[in-house]
Amino acid sequence: MSRKLVIVGGVAGGASAAARARRLSETAEIVVLERGPYVSFANCGLPYHVGGEIADRNALLLHTPDSLRAWFNIDTRLQHEVMSINRAAKTVTVRDHCAGREYTESYDNLILAPGATPIRPPLPGIDDPRVLTLRNIPDMDRMLEALDSRVRRVCVAGAGFIGLEMIEALRHRDLEVVLIERDPQILAPLDAEMTAPLLETLQRHQVKLHIGDGLAAIEPGPQLQLLLSSGARIETDVLVLSIGVRPENRLAQDAGLTLGVGGSIAVNEQQQTSDPAIYAVGDAVQVKHVVSGNPAILPLAGPANRQGRIAADAIFGRPSAYRGSQGTAICKLFGMTAGATGLNEKALKASNTPYRKIYIHPNHHAGYYPGAKQLHIKLLFSEESGRVLGAQVVGEKGVDKRLDVLATAIQAQMSVDDLAEMELAYAPPYGSAKDPVNLAGMVAQNLLAGLSSLIDPEELDAALSAGASLVDLRQPEELRQGHIPGAKNLPMQQLREQASFPKDVPLIVYCQIGLRGYVGQRLLQQRGWSVRNLNGGFRTWKMMQTARALSSRS
């Protein structure tokens, strides 16, 4: 007997489920009900069309009703909004906005892929037409229309991935851009110190920063007047809201389906809701975090596509289960790239999870080959087992390659020992004989084995106040790049002959990125000193100072 599958919503999860369902069953009746005018489009590409990097608007349209009909014999109905679900009768009530009518549609199985909706806080003036969001093609069209020749300044509220991509797009249009971020840092999936290179990049591109200062009110006028929590006022022609999304859960809630964290739709490993005939996928659903095992909301395109596939598998009898999400995400900001996977340090602290961390700053390929660029890598791992818990990578080149390897390691529950032993592709134009991933594993190994004794930069002031001595192992000319106040300079090459510190005073050594500090720590430790190496060296300490300084500036 032929099965009838109705899918509410297209884009990533819904369209993937529809295509997979057809590949599994040629006889099934498949209906996709999409309330918008487009069923399948590249929403992650929207900022790049606004900025002009993707010139052809049609390149963002992945499938149309005609192409889904031709390829998969799927009945796709645009501007058909599902208003309610009758679980007992297995029907949905549909409003056809084009024809101005309502009708009921039956189903054997129902997949909900409603996505998420941009957060618009209940602030005075929030409904002004110059206050924009970017979530779909109509949003993009409205934004392009609003950014006419009269617009000179645009404020972006929110410094997540989309907010930063929008800043780049607007600067490409030669507009003055102001960033407003309520939290004390940008790009929350990263830890604050890892955002320092991004803050410096924003400054180089003349983006004015208001960080740690939220939007309080919007006053209309010839220009919008933005009132911030601090009392500061900003004039702008257009305001782009990019402060996050919330699950679109109205249908599920009205139908009495079980909800999860943050109002998300609760599902099992087969994407099945509390009603066995109804499945849910995409940005609206609750997921299990791969690392912590806790429920979470992680609205990302990759998970949505996989969930659509798994829901179709489950409906048509194939054994398939969603393992969970780990929040792997990456962002381009002018010439920089930043990404994260797994848990960050903030999340580990909040959950009281024991962990250790290391920072490294290697080149993205062999330093002797032209064009080598520095990477900044933060690795978080279990103190007991060495299991990789999270990673963050920032730099100009080679970020995606390392982030993907580290994301794979987290998915496979690998340890820092596995990172050290990975055999990765090497030739001078692409990497080093010890790839940055290998180096991260080796540094972590040394820490867990007791060969390395580290002090984190945020612990430095307390240690110095308690009487420790600070030694800078760099060459004197390197100090012109900056130094930590109170440090005595003794270059690494002279350490064996000239070390004359009192043995009863704890020592802290540092260099530029940590390598010479480790060598010096091992040398002095074996000669009887109590000594720790500054984690990540002066570069990490400087990143922390930069993040604090730029995040407190408005």
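A pocket is an open set of grid points, on a 1 Å grid over the protein atoms alone, with protein on both sides within 12 Å along at least five of seven lines. In this predicted model, the second largest pocket has a volume of about 450 Å³. Its lining comprises 21 residues, and Ile360, Val443, Ile513, Gly514 and Leu515 are those that lie nearest the centre. At least two lining residues each are supplied by strand S25 (356-360), helix H12 (436-449), helix H15 (515-526) and strand S32 (531-534). Helix H12 provides the largest share, four residues. In terms of residue class, eleven members of the lining are nonpolar, eight are polar and two are charged.

The protein chain as a whole contains 16 helices and 32 strands. Along the principal axes, the C-alpha atoms fill a box of roughly 90 × 60 × 40 Å. Of the 554 residues, 53% are buried. Among contacts with a separation of 6 or more, 64% are between residues 24 or more positions apart.

The largest nonpolar core consists of 49 residues, of which Leu147, Ile186 and Leu202 touch the most other members. Helix H5 (residues 161-172) makes the greatest contribution to this core, with six residues. A separate core of 30 residues includes Val291, Ile358, Ile377 and Val399. Beyond its neighbours within four places in sequence, Ile186 is in contact with Ala159, Leu179, Thr195, Leu198, Leu199, Leu202 and Ile211.

How values were computed:
Residues numbered from 1 in each chain as written. Predicted model: local features only at pLDDT ≥ 70, side-chain atom pairs only at ≥ 80, totals over all residues. Heavy atoms only, no water. Core = buried A, V, L, I, M, F, W, Y, C linked by side-chain atoms within 4.5 Å. Buried < 20%, exposed > 50% of the residue type's maximum accessible area, 1.4 Å probe, protein only. Contact = heavy atoms within 4.5 Å. 1 Å grid on protein atoms, 1.4 Å probe; cavity = no way out; pocket = protein on both sides within 12 Å on 5 of 7 lines; lining within 4 Å. Points joined across faces, edges and corners; volume = space filled by probe spheres on them. Nonpolar A, V, L, I, M, F, W, Y, C, P; charged D, E, K, R; others polar.
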